[in-house]
Amino acid sequence: MINLETPRKFRALVNQAHQVAAEMLRPNSRKYDLAEHEYPVELDMLAAMVDGLGASGTGSGAGASGVRRTASAEGVVNGSNLSSVLSIMEMCWGDVGLLLSMPRQGLGNSAIASVASEEQLRRFDGVWAAMAITESGCGSDSANIQTTARLDGDSYVLDGEKIFVTAGGRCDAVVVWATLDRSLGRAAIKSFVVMKDTPGLSVERLDHKLGIRASDTATIRLENCRVPRSNLLGSPDIDTDKGFAGVMQTFDNTRPLVAAMAVGCARASLELTRSLLAEAGVEVDYDHPVYLQPAAAASYLSMEADWEAAYLLTLQAAWMADNGQPNSLQASMAKAKAGRTANDITLRCIELTGTLGYSEHQLLEKWSRDSKILDIFEGTQQIQQLIVARRLLGKTSAELK
């Protein structure tokens, strides 16, 4: 049976993550929100510490590499997926943009950890990898990718343009999704690790954004970009029956991580709002019915209940991954619930706190801006609901669009 309390073996890791968030991330939050595209040099020391924890084994697999699924012993396992979401919740209680800016902890690293061979894991160890999926002509419909990969001898030649590449300007490599044959649809889509210094890869621009401004978001162009065959992640074979389940497995692992980001950001808003309400004389009383409390307290309790649901769904999705259970449905449910909940909570917290929440005197307005992307990337709210509906109704993507 799943136990949703923080496992004892992860409590030290969670406490360390909270200390980092409180002492390093949150104090620098406003600084790098205002200094968009400036690299947060404070993260170099933090990234080195995470690398050290991972190498020594004391990090319990937390971080981007924590999503890799490995054969486990019999019985209930609390493994690296759960430790990753727990630590990410704490870090995003500090700052989402700064977490996304950490070297060697990009979504591309999670993609490599999800589907790479053991040889590829060793070869790309220490590489900071971004993820390049979205294109101007296909946003949420990743099956409609137009970037092509053509086999030429011992190399694949990639051509296309990718937008909204998180950490695309700072990373060492980009995990690019491309199709081997457009006529075969989603079955021909594969992912490739492309080093940033590869001829034919160029960073076209860095985008100005509503939120997560500490994290750079790039547009990347690939023109006659030659990538070694050995840099293709997963099987090079096109299986029209299986579709692109191999590359989609990445989402089953990374969507709980994005849900964890949303849970952490929403919790930060709730805690600060409760403190500001208390200063204004509004106390949230858990021993009395909601209808007997002030409207602000009743609204707060409603938000807290939504947050609890998002939190538990996120833990469930990660726990299932640790225990070798298919979690595509639960990963999408967690991402959909947490992304929408974070948006709702951060905006309602601004409403409850009035001018204090709307001004830059507090971080509430920043958290509301940061939270919006968490309902969009790694699959929008609408796409997650579509996936959930397909799973529940037993429909294919062709049957339910």
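View 1. C171 is in no disulfide; its nearest cysteine sulfur, that of C225, is 12 Å away. C225 is in no disulfide either, with the sulfur of C171 as its nearest, 12 Å away. C171 counts as buried at 5% relative accessibility, and C225 is buried at 0%. Buried means under 20% relative accessible area, exposed over 50%, and partly exposed in between (1.4 Å probe, protein chains only).

This is a predicted model: local features need pLDDT of at least 70, side-chain atom pairs count only at pLDDT 80 or more, and totals for chains, interfaces and linings use all residues. Residues are numbered from 1 along each chain as its sequence is written, and side-chain values use heavy atoms, with hydrogens and water left out.

**View 2. Helix 10 meets helix 13.** Helices (H or I, at least four residues) and strands (E, at least two) are DSSP runs, numbered from the N terminus. The axes of helix 10 (residues 328–353) and helix 13 come within 9 Å and cross at roughly 145°. Axes are lines fitted to C-alpha atoms, for helices over the stretch in contact, and angles run from 0 to 180 degrees between N-to-C directions. Helix 10 contributes S328, L329, S332, M333, K335, A336 and R340 to the contact, and helix 13 contributes Q381, Q384, I387, V388, R391 and L392. Contact means heavy atoms within 4.5 Å.

**View 3. Helix 13 from end to end.** Helix 13 has 13 residues (381–393), which should span 18 Å at 1.5 Å a residue; its end C-alpha atoms are 18 Å apart, which agrees. The expected span is 1.5 Å times one less than the number of residues. Buried in helix 13 are Q381, Q384, I387, V388 and R390. Just after helix 13, G394 takes a positive phi of about 70°.

**View 4. Helix 12, largely enclosed.** Eight of the ten residues of helix 12 (residues 364–373) are buried, so helix 12 is largely enclosed by the rest of the structure. The buried residues include W367, R369 and D370.

**View 5. Two residues with positive phi.** Most residues other than glycine have a negative phi. R104 is not a glycine, yet its phi is positive, about 65°. R104 lies in the loop between helix 5 (96–100) and helix 6 (107–115). R104 is partly exposed, with a relative accessible area of 25%. F164, in strand 3 (residues 155–166), has a positive phi near 55°. F164 is exposed, at 53% relative accessible area.

Notes:
Disulfide = S-S within 2.5 Å.
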